[in-house]
Amino acid sequence: MKRRDFLKLAGGVVAGAVLSQPALRFLETLSQGGGERVLAGPESWVVSSCQQCTGGCGIRVRKIAGWPVRIEGNPLHPINRGGLCPKGLGGLQVLYDPDRIVGPLQRKGKRGEGQWQRISWEEALSQVASKLQALREQNKPHTLLVIGGQYRGLMSGLLQQFVQAFGSPNYVSTASGCEGTPLIHYLMQGVREQMVYDLENTNYFLSFGCSFLEAWWSPVRQLYAYGHMRQGRPVRGKIVQVDPRLSVTAIKANEWIPIRPGTDAALALGIAHVLIKEGLYNQEFVEEHTFGFEDWTDERGEKHQGFKNLVLQEYSPGTVSRITGVPVETIIRLGREFGETSPAVAAGERGSTLYSNGVYTRMAIHALNALVGSIDVPGGVLVPREVPLTPFPPVKLDAVARKGLNMPRLDEAGTTRFPLATSVIQALPENIQQGKPYKPEVALLYYANPCFSRVQPDLFRQALDQIPFIVSFSPFLDETTMFADLVLPDHTYLERWQDDPVSPSLGYPVFGLRQPVIEPLYDTRHTGDVILELARRLGGTVAKSLPWKDFQEVLRFGVEGIYKAQRGYIAGNPSEEFWYRLFEKGGIWAPSYRSFEEFWEQLQEKGGWWDPVYQYRDWNRVFRTPSGRFEFYSRTLAQELDRLAQQKAESGQVSLEEARDQLLASWKITTRGDLVFLPHYEPPRFIGEEKEYPLHLVTYKPMAQAGSRSANQPYLQDILGPHLYTRWDSWIELNPETARELGIEDGEEVWMESPLGKIRVRAHLYPGAMPGVVNMPYGLGHTAYGRWAKGRGANPNKILGKEYCAIGGLPAFFSTRVKLSKA
């Protein structure tokens, strides 16, 4: 970059803003000199891990004169092997964001007005510790609410350790929408984990709404797998994308199957019908490793319907075609291809499952993997091995904490309302405002912005007003932080120590190390250090449960478990992988280090650790169900319903059968009998009468936006919608036929309205949108979060209705109908 070009950019960044001294010094340094050289000094490189999304990619950061100037992929990291997506490449804009919070803030005016005053860390910590100590002295530790976002590893464990030691049951995750697939694996395999789809080795990938080339778990890794599947081996794999929208993944697939929103379960069951009727399923695997395929009789002599007869009787291609809109001949062909191409794998994620029938849709899709025997085999669905971090010591509980932990959760996760949920963030606003089961007194927010990212964000703001004291650890003034009483800003991911045990990884464990590439630019602190300091100030059993002096000590404590496991290797060149696998299969382990200090130094030098050996067909680890098999008929779900019904019937007011029926009705499950425990098609529920609101609204995540996290990065705003040449603004995608019927022209601004409200947005005609469906990218429409994000685009969450797949407490983001009118 030439000096004059940089000065133009810097002028735009600084205009109207007051930067802290470190950033000003950096800009002044870059503006000195001439010609092509804008920064002089020694060059150095630091390896770390990206945190722009959940991918867990390794990065190398180039520094000149001590200043980070470039990010690129770490070629030694097994997840990305030197590749990096646009989000990772743009990470410096997080570090140098002119709107970062530069130190602790205390609210001066009313909540949301944005009036703040700087205070010292000592003042801030004293206030928080005093509020928390008062809760314990009043025997109200349960009124502490901690809301956490999408992060993992030791930081997640540390926060939960603190909350439990304090005595609150209320650690609530905003990532509850990501819990659907692990829940299905729990119901059908007894393993509540996000499993691995071995796409590099599969020959047929049937994707139900997985945007695996844009915004799935690790876009870079999926792109690598895509290239290997299509060109990196003798057998070229086939990809079929089932989706109401022609996404990037659908464009790159061999075939796009448009489908009516919310009907994916029916299509999966129609494919199962073809597999079973034509004898294309793996009979050996089904007979030896599954339960509930055939009709069966229980220990009481009662007969039960099996998956086979259900599918053959109810889901013929003709029936399924009428439900889904997919032609009969296509359903038959897909079934034959899936059964005749081995290995084949089916996956259902966000695009197909964020409806009110999400649990049963996921069950139907996963059942296809069992039918063709693609469970725990190369090219199939794998159960990942965990990174062997040292587990935290048992929490020490005093009488106050034990009493608090016995109180019900604020979000009702694990209750009869949401029986299989671990967190239900979307239930909080209503419960807080109603004081049900009680009102929280203190809220701590880490990596969470529910006043933007949740359905009907205004309800969250109203709920926050009911909480007397709110603390945010955000480095930025996002929508939720604007309603905080105190802001204790964290470092950015380029300034802090953190671990990143990558999940779902590659089947075998992968660990990334995040280390500072520069000393903190501002007066910020690692949130882990703040939590540990609060524990020390609270004293007693809380302090004893968190005995570390800082988070770097926690990190070394956890990593020591990897060292003591005596397996795996420091990240290295791809050519070394062959030898690692060969050595371990022969029972040989040849590490490159001789002590923990050497291991720690090499982690910092190379950026990670992995154990690239996976033992297939370890059935005791893969199937932990009551039957010890893959369960088409979920006995886990049956046992949970029986347990809850028994509790309800013990009141003496209803019989056991009436209790079961009432529970199913409360979860809005329409079927009864054996179908409740089998994969089946539940018609989705929609908010808004079809006559008044004729269009389905489906939101999606483009690669340039990691949910709501990247809207404050101008580089990513500039490449937002390349397929429509759109940037720095939101849009909706309309099928040209639908647009013609409504009289809407390409590029015209329209009002999109649901029963919950309306937003103004620009319409683009897109042949890849199905008739009757409106597609809209998610991630813009901020009312805060800095100059690059505020006031740009519209947030579709404002008009989404609150609907659930209640049994798992899962959000149904795609359950809202809308109508359009000219603006």
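Strand 18 (residues 469-472) is covered on both faces: F469 and V471 on one side, and I470 and S472 on the other, are all buried, where buried means under 20% relative accessible area, exposed over 50% and partly exposed in between, with a 1.4 Å probe and protein chains only. Strands (E, at least two residues) and helices (H or I, at least four) are DSSP runs numbered from the N terminus. The model is predicted, so local features need pLDDT of at least 70 and side-chain atom pairs count only at pLDDT 80 or more, while totals for chains, interfaces and linings use all residues. Residues are numbered from 1 along each chain as its sequence is written, and side-chain values use heavy atoms, with hydrogens and water left out.

- Strand 17 (residues 442-446) runs parallel to strand 18, with 4 bridges between them; L444 has V471 of strand 18 as its bridge partner.
- Strand 19 (residues 486-487) is also parallel to strand 18, joined by 2 bridges, and S472 has V487 as its bridge partner in strand 19.
- Strand 4 (residues 105-107) and strand 5 run antiparallel and are joined by 3 bridges; L105 is partnered by R118 of strand 5.

**A helix crossing**

- The axes of helix 6 (residues 154-166) and helix 23 (residues 551-565) come within 11 Å and cross at roughly 110°; axes are lines fitted to C-alpha atoms, for helices over the stretch in contact, and angles run from 0 to 180 degrees between N-to-C directions.
- Helix 6 is therefore roughly perpendicular to helix 23, a term for angles of 65 to 115 degrees.
- L154, M155 and L158 of helix 6 make the contact with F551, V554, L555 and G558 of helix 23, contact meaning heavy atoms within 4.5 Å.

**Cysteines**

- The structure holds 0 disulfides, a disulfide being a pair of cysteine sulfur atoms within 2.5 Å.
- For C57, the closest cysteine sulfur is that of C53, at 6.3 Å, which is too far for a bond.
- C85 is in no disulfide either, as its nearest cysteine sulfur, also in C53, lies 5.3 Å away.
- C57 is buried at 7% relative accessibility, and C85 is buried with a relative accessible area of 7%.

Definitions and conventions
Pairing = 2+ DSSP bridges. Parallel < 35°, antiparallel > 145°, perpendicular 65-115°, else oblique.
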